[in-house]
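Hi,

Here is the structure I promised to pass on. Have a look at it first, and then read my notes below.

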Amino acid sequence: MVPIKQVHVWDEAQARSLDREGIRELARSIKNEGLQNPPLVQKNGRGQFLLMSGQRRLAALKLLKAKKIPVLVLTKGYDLENAKAASVIENLHRKNMNPKDMAKSCSFLAEKMGITVGARSLGITRKTFKKYVGFAALPEKIKNLVPGTISSSVAIKLHSIIPNVPKAIKIAQRISALDARTQKAYLRVLARYPSANHKKLLRQARLLAIRKTVPVTLPSTYAKKLEKESLYREEEPEKLAQQIVVSWLAKRNHRR
């Protein structure tokens with residue numbers, strides 16, 4: 001048991017926003033059922049303790065006006081940077097972490113541990129981890145578009161194509177109502193023609209976004225003809241239909 005005022009959270013964690021309603025729920029649970037898993041701390045050499053994990057539990061105990069709290073004290077200390085990393089990892093496993101907090105934390109872990117170790121410690125792929133790191137480097141006004149206007153991956157790609165923030169924001173607002181496939185196609189076209197107007201970009205994007213698999217319903221007469229021809233050629237009807245469509249489109253393109 002240690003005085004709660006002797007338990008300190010490192011500065012960057014102090015600035016991290018915690019879900020207030022979640023903290024209140026946790027406080028009620030601790031009050032009714034007790035603290036099942038004490039925070040993890042280590043001595044910092046000045047008669048105080050550095051919090052390693054359990055920031056939400058500590059906040060809940062402060063809400064309950066606790067004077068002393070039970071803690072688990074590490075016998076083998078970490079340096080401050082490793083302590084921060086451990087605390088970040090513990091907090092990243094919370095639910096409902098917003099993209100900005102996740103990105104900032106992943107960026108910190110990438111710097112201290114490297115991408116591979118950081119991704120493994122969080123149980124996510126290197127690709128996902130690197131996306132969060134890339135998101136952390138975006139201008140704040142672009143970050144604020146996520147997730148209400150565009151996704152984090154779209155924000156990263158858009159900023160890489162259009163570094164001008166006001167222009168990127170304008171484009172984000174224009175494509176926010178598009179489905180994910182068309183947004184992706186729009187960015188591909190935008191990368192090739194960054195000065196093109198929105199109408200032209202949208203038209204090209206919709207052409208690119210056409211699905212490769214298109215369901216076709218044939219009148220019964222033509223369906224029977226297709227079936228007969230496929231039996232004659234000993235081919236699947238779907239494959240034969242694909243060949244017919246591709247051949248027809250190729251001839252139309254040649255005529256133009």
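Predicted model: local features only at pLDDT ≥ 70, side-chain atom pairs only at ≥ 80, totals over all residues.

**What I found**

Residues are numbered from 1 along each chain as its sequence is written, and side-chain values use heavy atoms, with hydrogens and water left out.

Back to Ser 230: you'll find it in helix α13 (residues 220-233). Helices (H or I, at least four residues) and strands (E, at least two) are DSSP runs, numbered from the N terminus. Contact means heavy atoms within 4.5 Å. Leaving aside neighbours within four places in sequence, Ser 230 has contacts with Glu 235, Glu 236, Pro 237 and Leu 240.

**The sheet**

What is the order of the strands in the open sheet? It is β2-β4-β3-β6, four strands with mixed pairing. β2 (7-8) and β6 (72-73) stand at the edges with a single partner strand each, so one side of each has no neighbour in the sheet. Two strands pair if DSSP finds at least two bridges between them. Here is how the pairs work out:

- β2 and β4 run parallel, joined by two bridges, and His 8 stands opposite Leu 50 in β4.
- β3 and β4 run antiparallel, joined by four bridges; Gln 42 has Leu 50 as its bridge partner in β4.
- β3 (residues 40-43) and β6 are parallel over two bridges, with Leu 72 in β6 as the bridge partner of Leu 40.

Strand β4 (residues 49-53) is mostly covered, with five of its five residues buried.

**The cores**

A nonpolar core is a set of buried Ala, Val, Leu, Ile, Met, Phe, Trp, Tyr and Cys residues joined through side-chain atoms within 4.5 Å. The largest one has 29 residues, and those with the most contacts inside it are Ile 142, Ile 150, Leu 158, Tyr 186 and Leu 190. Two or more residues come from each of α7 (126-136), α9, α10 (165-175), α11 and α12 (198-208), and α10 gives the most, with six. Not counting residues up to four places away in sequence, Ile 150 touches Leu 145, Ala 155, Leu 158, Ala 172 and Ile 175. There is also a second, separate core of 16 residues, which includes Val 7, Phe 49, Ala 60 and Leu 61.

Most residues other than glycine have a negative phi, and most peptide bonds are trans. These spots go the other way:

- The peptide bond from Val 146 to Pro 147 is cis, with omega near 0 degrees; Pro 147 is in the loop between α8 (140-143) and α9.
- Lys 65 has a positive phi, near 65 degrees. It lies in the loop between α3 (55-63) and β5 (68-69) and is exposed, with a relative accessible area of 67%.
- Glu 234 has a positive phi too, near 60 degrees. Its place is the loop between α13 and α14 (237-255), and at 73% relative accessibility Glu 234 counts as exposed.

How values were computed: Buried < 20%, exposed > 50% of the residue type's maximum accessible area, 1.4 Å probe, protein only.
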